[in-house]
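Let's take a friendly walk through this protein, one region at a time. Keep the viewer open as you read.

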Amino acid sequence: DAERLEPAHERGGLHKVHFAGGGTLQARSLILATGARWREMNVPGERQYRNKGVAYCPHCDGPLFKGKHVAVVGGGNSRAEGAICLGNIVRHVTLLEYDAVLRADAVLQKKLSSLPNVTVITQAATTEVTGDGAKVNGLVYTDRGSGESRRIGLEGVFVQIGLLPNTEWLKGSLELSARSEISIDARGQTSLPGVFAAGDCTDVP
């Protein structure tokens, strides 16, 4: 794993990438394409039941939950689209939205409301993923309106709360956006001459 970027001391010099294992690579030009990872809820049970009912990609893993009750945690268009996709596969989908209203385009909300096997719960703060030791069997959330803790019995939890760019090791070396994405121009160049970036680690959609 890359650990630190040491910029070249002069234009045309060699940039140096330090790796966790102690090795280094040097080059005049670099292309950073470190991607992004799914953002985690960081609640009890999430990591314990990852790949045992906790999933992050409705399109990839949805077919594994055919005929089952699952939850989608998160709001916005991509989460609504994920719930719609799952609604065509699973027995029932419960979409938990943190805000008081569902944050998705009207056309997606209309589609969601037309699906008989989709339930939307707003003002829901997920607090725990429960399981029997081998697989997921439920989800606990706090109703932000009443403060009550509630549990849903289910067999899968799809976490859809965004992505985190793999850029921690670049802080202090080049310009990052407020979301820690690498800032690039139309040519893919970063704030460091000779260093370029591409993909999900950048601030370009």
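Ser 173 sits in the loop between β14 and β15. Keep in mind that this is a predicted model. Is Ser 173 buried or exposed? Its relative accessible area is 14%, and because the cut-off for buried is under 20%, Ser 173 counts as buried.

Leaving out residues up to four places away in sequence, Ser 173 touches Leu 5, Pro 7 and Leu 192.

## Salt bridges

Side chains of opposite charge can pair when their charged atoms come close. How many salt bridges does the count come to? There are nine salt bridges in the model.

The loop that holds Ser 173 also takes part in one of them. Arg 37 and Glu 168 form a salt bridge, with 2.5 Å between the closest N and O atoms. Arg 37 belongs to strand β5 (residues 36–38), while Glu 168 is in the loop between β14 (163–165) and β15 (195–197), so the pair ties together parts that lie 131 residues apart in sequence. Both ends are partly exposed: Arg 37 has a relative accessible area of 33%, and Glu 168 comes in at 42%.

A second pair is Arg 91 with Glu 155, where the closest N and O atoms are 3.9 Å apart. Here the loop between α2 (77–87) and β8 (92–96) supplies Arg 91 and the loop between β12 (149–153) and β13 (156–159) supplies Glu 155, so this pair ties together parts 64 residues apart in sequence. Glu 155 is partly exposed, at 34% relative accessibility. Elsewhere, Glu 40, Arg 47 and Arg 50 are linked in a network of salt bridges.

Strands of a sheet pair through backbone hydrogen bonds, either parallel or antiparallel. Strand β11 (residues 136–143) pairs with β12 in the antiparallel sense, over five bridges. One place to look is Gly 138, whose bridge partner in β12 is Gly 153. The two strands form a hairpin with five residues between them, and in the turn Gly 147 has a positive phi of about 85°.

A salt bridge also joins Asp 143 and Arg 150, whose side chains meet at 3.1 Å, N to O. Asp 143 is buried, with a relative accessible area of 14%, whereas Arg 150 is partly exposed at 33%.

Five strands make up an open sheet in the order β6-β13-β7-β8-β9, with parallel pairing. β6 (54–55) and β9 are at the edges, each with a single partner strand, so one side of each has no neighbour in the sheet. Within this sheet, β7 and β8 pair in the parallel sense over five bridges, and His 69 has His 92 as its bridge partner in β8.

Helix α2 is mostly covered, with eight of its eleven residues buried. Among the buried ones are Arg 79, Ile 84, Cys 85 and Leu 86. What covers them includes strands β7, β8, β9 (118–121) and β13, along with helices α1 (58–61) and α3 (106–114).

The largest pocket has a volume of about 590 Å³. Which residues lie nearest its centre? They are Gly 162, Leu 163, Leu 164, Arg 179 and Glu 181, out of 23 lining residues. The elements that give two or more residues to this lining are β5, α1, α2 and β14.

Strand β5 is also where Trp 38 is found. Trp 38 is partly exposed, with a relative accessible area of 38%. Beyond its neighbours within four places in sequence, Trp 38 is in contact with Tyr 56, Cys 57, Gln 160, Gly 162 and Leu 163. Trp 38 and Cys 60 are 22 residues apart in sequence, and their C-alpha atoms are 13 Å apart in space.

Definitions and conventions
Residues numbered from 1 in each chain as written. Predicted model: local features only at pLDDT ≥ 70, side-chain atom pairs only at ≥ 80, totals over all residues. Heavy atoms only, no water. Salt bridge = Lys/Arg side-chain N within 4 Å of Asp/Glu carboxyl O. Helix = DSSP H or I, 4+ residues; strand = E, 2+ residues; numbered from the N terminus. Buried < 20%, exposed > 50% of the residue type's maximum accessible area, 1.4 Å probe, protein only. Pairing = 2+ DSSP bridges. Contact = heavy atoms within 4.5 Å. 1 Å grid on protein atoms, 1.4 Å probe; cavity = no way out; pocket = protein on both sides within 12 Å on 5 of 7 lines; lining within 4 Å. Points joined across faces, edges and corners; volume = space filled by probe spheres on them.
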